[in-house]
Amino acid sequence: MFLNALPRSLRYVTQLTALSLVVVQLSACAPLVLGGAAATTAVVATDRRTAGEQVDDKTIGVKASVEANQILGDRPGRVNGSSYGGQLLLLGDVPTPEDSQKIEAAVKKIDSVKEVINRLRVGAPTELSVRTNDSWITTKVTTALINAQDVPSRTISVSTERGIVYLQGRVTQAEGERAAKAASTVSGVTQVVKLFEYVSAERVLLPQSANEANASVTPEPSTPNPSPSPNAPEVFTIN
């Protein structure tokens, strides 16, 4: 909200500074994770991403904003990037379809980006009142996920754009269904889009160290997985 009020050039400098701080802070946190500090370990242990993936996702989000601002220049626009496990979701408003295409092409080149979900809207920037309501919906959905039974809320990322809720995370199919149902009960939500990476219950039970090791190993070819593809976002129907 604060950045949107700044001139484009100053916003760009601010984001570059933020990126530097992210790298420094995450680098400083790494020994704490390895050393087993209680506060930091709790965050990593409840997130199904590896520690390295969490670092990458925070960096991707900042870099995506920098790329978008360079393309838009001083023209009105608003781009928010949310990354989970290298899956980058783009939300916001841009002046032309060409801007949307250029931004998508630029962020695909960012290190560790595996997939880009482009949901940028072409048109005038969304009104402040709508954006404020979206932020409130995100807060309410996050709370609903925390209160829902058998939903791993700490490994699910929630984003809201014009009443549409987007859920990212690493979950089983059953957990994904429960999360979508919980989100759909929140007032103000018009649609729930699931962008989950589905994993087996067995993988969920693996210790964090095993997941770290698996992340660096190329999996062997296997039979096709019937799970929904992340390239085809699922829309949860709200009755």
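**Entry 1: overall make-up**

I began with the secondary structure and counted eight helices and eight strands in the protein chain, where helices (H or I, at least four residues) and strands (E, at least two) are DSSP runs numbered from the N terminus. I noted that this is a predicted model, in which local features need pLDDT of at least 70 and side-chain atom pairs count only at pLDDT 80 or more, while totals for chains, interfaces and linings use all residues. Residues are numbered from 1 along each chain as its sequence is written, and side-chain values use heavy atoms, with hydrogens and water left out.

I then looked up burial and found that buried residues make up 42% of the 239 residues in the protein chain; buried means under 20% relative accessible area, exposed over 50%, and partly exposed in between, with a 1.4 Å probe and protein chains only. The chain exposes about 12700 Å², of which carbon and sulfur atoms supply 58%, the areas coming from the Shrake-Rupley method with a 1.4 Å probe and, for residues, only the protein chains shown counting as cover. For contacts (heavy atoms within 4.5 Å), I read that 71% of those between residues at least 6 apart in sequence join residues at least 24 apart.

I checked the length of α3, residues 51-72, and its 22 residues should span 32 Å at 1.5 Å a residue, which agrees with the 32 Å between its end C-alpha atoms; the expected span is 1.5 Å times one less than the number of residues. Just after α3, I found G73 with a positive phi of about 60°.

Strand β1, residues 78-84, has five of its seven residues buried, and I saw that β1 pairs with β2, residues 87-94, in the antiparallel sense over seven bridges, given that two strands pair if DSSP finds at least two bridges between them. Within this pairing, G92 in β2 is the bridge partner of V79. The two strands form a hairpin with two residues between them, and G85 in the turn has a positive phi of about 60°.

K114 and S83 are 31 residues apart in sequence, yet their C-alpha atoms are 9.9 Å apart in space.

In helix α4, residues 97-107, I picked out S100, which is buried at a relative accessible area of 10%. Beyond residues up to four places away in sequence, S100 touches V94, N118 and L120.

**Entry 2: nonpolar cores**

I searched for nonpolar cores, meaning sets of buried Ala, Val, Leu, Ile, Met, Phe, Trp, Tyr and Cys residues joined through side-chain atoms within 4.5 Å. The largest has 19 residues, and V141, L145, I156 and L167 have the most contacts inside it. Helices α5 (128-147) and α6 (173-184) and strands β4 (156-161) and β5 (164-171) each supply at least two residues of this core. A second, separate core of 14 residues includes I60, A64, A68 and V116.

**Entry 3: helix α6 and its surroundings**

Helix α6 has 12 residues and reaches 17 Å from its first C-alpha to its last, close to the 16 Å expected. I listed its buried residues as E175, G176, A179, A180, A182, A183 and S184. E175 counts as buried at 11% relative accessibility, and, apart from residues up to four places away in sequence, E175 touches R48, D150 and P152.

In the loop between β5 and α6 I looked up T172, which is buried with a relative accessible area of 12%. With residues up to four places away in sequence left out, T172 touches R48, Y198, V199, S200, A201 and V204.

**Entry 4: aromatic pair**

My search of the whole structure found one aromatic pair. F196 and Y198 form this pair, which is edge-to-face at 6.2 Å centre to centre with 70° between the planes. Rings of Phe, Tyr and Trp (its six-membered ring) pair if their centres lie within 6.5 Å, with planes under 30 degrees apart counted as stacked, over 60 as edge-to-face and the rest as tilted. Both F196 and Y198 are buried.
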